[in-house]
Every structure is written in structure tokens, then in C-alpha cells.
Amino acid sequence: MARISSRFKPLLFFSVFATLKGVLVDAAPTIPFPLQPRLVVAHFMVGNTFPYTYDDWAEDIILAASKGIDGFALNVGADSWEPARVKDAFYIASHTSTTSKTTDYVPPWTFPYGTNHTDFHLFLSFDMTSFPCGSLSDAEQLRNFIRSYRRHPRYLRYEGKMLVSTFSGESCTFGQGNTTEGWSRALDFELRDDVHFVLLFLSLTGVRWRGGWEGAWPKGNYSIEPYPDYEHLRYNYGKTYMAGVSPWFFTHYGPNSYNKNWVFRSDDWLAVQRWELIVQNRAYIDIAQIISWNDYGESHYVGPVHGAQPGSQSWVDGFDHTAWLDMMQYYIDAYKTGKYPDITKDQIFLWGRLFPRDAVATGDPVEKPTHADWTEDYIWGLVLLTEPSHISISCGPSNLSADLPAGANKIKLDLTPEHLASLGETFTSCQVTMLIQRDGRDVGSYVPLGFTWRNVSRVERYNFNAFVVATP
């Protein structure tokens, strides 16, 4: 990969600190040096694929490739059945054409998904919250996984080497004195020179991590900022950097389960603002990782809901997120090319919760999620317009009406108690509606099924997942 001359380093500091002051750039800056092609991958939880068939893998791969995603980071754990699903994924990636739009099952020996191989690739991302890593012998399980796919044509290679990543692993010592020494010894085997290893640690303990997992969400009651990216680049300058981008975060497991029950602030158009930062600083971000394709338990999935949910049905069922994937295609193209694409279709994307933040659940065995007060009662949206237009977004008495220019426009509909009280109308629920007008004519309207805001103080269960829709 071409590296940055020292005379261009100030550009990074300008990008980071200008954004911290609220400056957002609508297109990537002109980069005065050559770039390795930008890659976009999606984090894929193999642990949610126990019942997967070839059709399931084909559906996911075809859909992801159609949106500009180059591959899946296969989050693989220590469960005994997971290697078989990884093997299925590689098989289908080898025999799938992204021009094929059918996923009707045919016996696999007839190559049902097309004979023209897609450029879609896969790589291993070891989930170190699952694999043991206390002794050097534990490393052999990871090494064997790598050995299995060394020569596979669909394995993603970066700078000619097998791309291998992790989720977590900052506490792994493999029986050595510290994390750095432990990982060095774990990867010291015959394929070491053929592995391009990018760490995605969850803290700076032991080593400076090289993947921006935590940078995908703000960790306080504030909007997304690029400071985590700056930290990684500061300590790992000249090394491959994989930045995370995510649309949401809510998990709701009680003490008798995974004991994870919190939200990260996902307001302020989280995915849009994060993508804008990534596009703006694309010179320094080698790979963008969408978090996630199918992590239902944390509510940030952008792929279709199928496979095996990890006990998340109460907040995932009925909450399709694939409209986010359609929205991200606009930014994926900009990140790869350095120029936002022309908009050829008017679209409105909307997302948000279905009841007030302060509502109390009367029948939920799990307490209200930690940091629930970090989110606000708004419906968030992005409008892509081919020409200047008038848009109207409504729910009951609350209405957003605005003249917007052509291009990408961020909008929000106020459903806060203070705003609704000021409107002087009492109601218990309202249906979200969308309208686009141009030159006095309606050019698009949509009433998304199920997007009903409940203006109530009590609910049956807590659900801080996002309901996501888009105009057809």
C-alpha cells in the first residue's frame, strides 16, 4: 500500500479536528497521492447461522455484493458446528454470481447460484470472547482455521496476504508475559508471512489496536466523533486501519442470560454521520467494516433476519433493517471512489423507536437498559433527491415540512414530550407518513406499514431497537 509522505500528515489533523468543531464535508477531499483500493466488508456472526442452508448464504452474499460490499468478516467462535458453516460460506462464495437474482434451491452439484463467480470474498475474524487464549497450545485452533483456507480463491487477501482479524483479544496472553508477546507467539507459525493480521481490540490494554471497532459508536451522551480513529492512527501510523461503521446499538439480555442490557447513543443520524467521517478521511482508512450484517442481539444488523437469533426475538422480530443497507450504498460508493454518486431516484429513509424513551415497561423481566436517557424521542431520516423538492414527514400533530435542495439531506421529526405538549393535541398513537412534492405536484408518498408511534407512558416490554423504513 502506498504510504503518506510526511508533508501530507497535517491533512489528517485538519480532517479530525475540523470535524470535532462540527465541520462536515459533503465529498471526500482531493487526495494528492495514490491509494490502495478502498474495501468495504460487513461483520458477519457465524454463531447465528446454525440452521443456514446454501440458499441462506447465497441470499446474503448476493444482496451484500449488490450494495457494493466486498466481503464478510466471518466472526467465528469455538462452537463445534461453526467450521461446517464457514465451509458452506466459502463454497457458496465460489459458486455464486451476483447477476443471479434467484435463491431457489437446487442441489449444489448443479451450481444453482450461477457459474460466473462473483468477486465477493470472505475472511476469518476470530471471536476471542469465545476461543480460549490462556496457553500457547490454544493458538493451534486458530492456526488450523487459517491453514484450512490458505489456498481458497474466495479468501480475502490484502496486499497479497490472507486478511485475518479478531473481535476482542486484548486480554489474550497465550501463556506469555503480556498481550503483545502472546499474539506474536500465537501467530509465529509456518504461515506467518502469509497473514495480514488486523487486530480489533475493545480497549488499549496491552497493545495499540489497529481496528476501529469502538469508533463506530459514541461512548457517551454525545454525537459520533472521529477521536477514536485519530487515536488508532496516531499509534499505528503506516499500518492497515479498518474503521467500524454502525447504525445502532441496543441489547437487552438479563442476568440469567448474557447479562448485557444497555444502549449506545445512536441518535443524530449515527450511520450517516459516521459514513461522512469515513468518506472525508478515506485516505487514512483502508477498510470500512459495517457492524453488522446479522448481529441481532445488539440491534445493528443491516441484513435480512434469518438463521438463529441469540434469544433476541422480543426486540428483533418485526424490525427489518435492510433499508439501512440500501441507504449505505450511497456512502459505500463515495468511500470507494472519493466522490458522492449522482442520485437517480428520490428516496426517503426513516428510522426510530416506536414509543417514548421514558415509558415504563410493566411486563419485562429485564430492567430498563442502561443509558436509555442517552436517546431522544425523534424520528431520524435521510432524504436523497434528484431535484429540489418539498418534503413533508408527519406523525399525528407533529409535522416536518421543508424545501430541500437536490442531494442528500438529513432530517428529523420531533416527538419529544415537550414538543407534543406544545401542539395542544392529545393522542395515544400516530402513523408516520411521508410525502415528496415538486413544482406543486406529488411525486411520491408513502405510509410505511407498522411505523406507528405510541404516545404512552407504559408499555409491555422495553424495546429500544430501531424501526427502519424507506420509500419504495
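A residue is counted as buried if its relative accessible area is under 20%, as exposed if that area is over 50%, and as partly exposed in between, with a 1.4 Å probe and protein chains only. Helices (H or I, at least four residues) and strands (E, at least two) are DSSP runs, numbered from the N terminus. The structure is a predicted model, in which local features need pLDDT of at least 70 and side-chain atom pairs count only at pLDDT 80 or more, whereas totals for chains, interfaces and linings use all residues. Residues are numbered from 1 along each chain as its sequence is written, and side-chain values use heavy atoms, with hydrogens and water left out.

The chain has 10 helices and 22 strands, and buried residues make up 57% of its 472 residues. With contact taken as heavy atoms within 4.5 Å, 75% of the contacts between residues at least 6 apart in sequence join residues at least 24 apart.

Strand S19 (residues 441-446) is hardly covered, since the count of buried residues among its six residues is zero. Two strands are said to pair if DSSP finds at least two bridges between them; strand S18 (residues 429-438) and S19 run antiparallel and are joined by five bridges, with Ser-445 in S19 as the bridge partner of Leu-435. The hairpin of S18 and S19 has two residues between the strands, and in this hairpin Asp-439 takes a positive phi near 55°.

An open sheet is formed by four strands in the order S17-S14-S12-S22, with antiparallel pairing. Its edge strands, each of which pairs on one side only, are S17 (407-414) and S22 (467-470). Axes are lines fitted to C-alpha atoms, for helices over the stretch in contact, and angles run from 0 to 180 degrees between N-to-C directions; with direction ignored, neighbouring strands of this sheet are turned by 15° against each other on average. Strand S12 (residues 347-352) pairs with S22 in the antiparallel sense over four bridges, and Val-469 in S22 is the bridge partner of Leu-350. Helix H9 packs on the sheet, where it touches S12, S14 (378-385), S17 and S22, and its direction makes about 125° with that of S12.

Helix H9 (residues 322-337) also packs with helix H7 (residues 270-280), at an angle of about 10° and with the axes 9 Å apart. H7 and H9 are therefore roughly parallel to each other, a description applied to angles under 35 degrees, while those over 145 count as roughly antiparallel, 65 to 115 as roughly perpendicular and the rest as oblique. On the H7 side, the residues that meet H9 include Trp-275 and Glu-276, and on the H9 side Tyr-331 and Tyr-335 are among those involved.

Two buried residues were examined individually. Ser-299 is found in the loop between strand S11 (287-290) and helix H8 (313-316), and has a relative accessible area of 0%. A polar atom of the Ser-299 side chain lies 2.7 Å from the backbone oxygen of Phe-250. Ser-299 and Asn-465 are 166 residues apart in sequence, yet 6.0 Å apart in space, C-alpha to C-alpha.

His-43, in strand S1 (residues 39-45), is likewise buried, with a relative accessible area of 1%. Not counting residues up to four places away in sequence, His-43 touches several residues, among them Ala-73, Ser-125, Trp-213 and Trp-293. The side chain of His-43 also makes a polar contact with the side chain of Gln-289 (2.7 Å), the term denoting a pair of N or O atoms within 3.5 Å of which, within protein, one must be able to donate a hydrogen and the other to accept it, residues adjacent in sequence counting only if both atoms are side-chain atoms.
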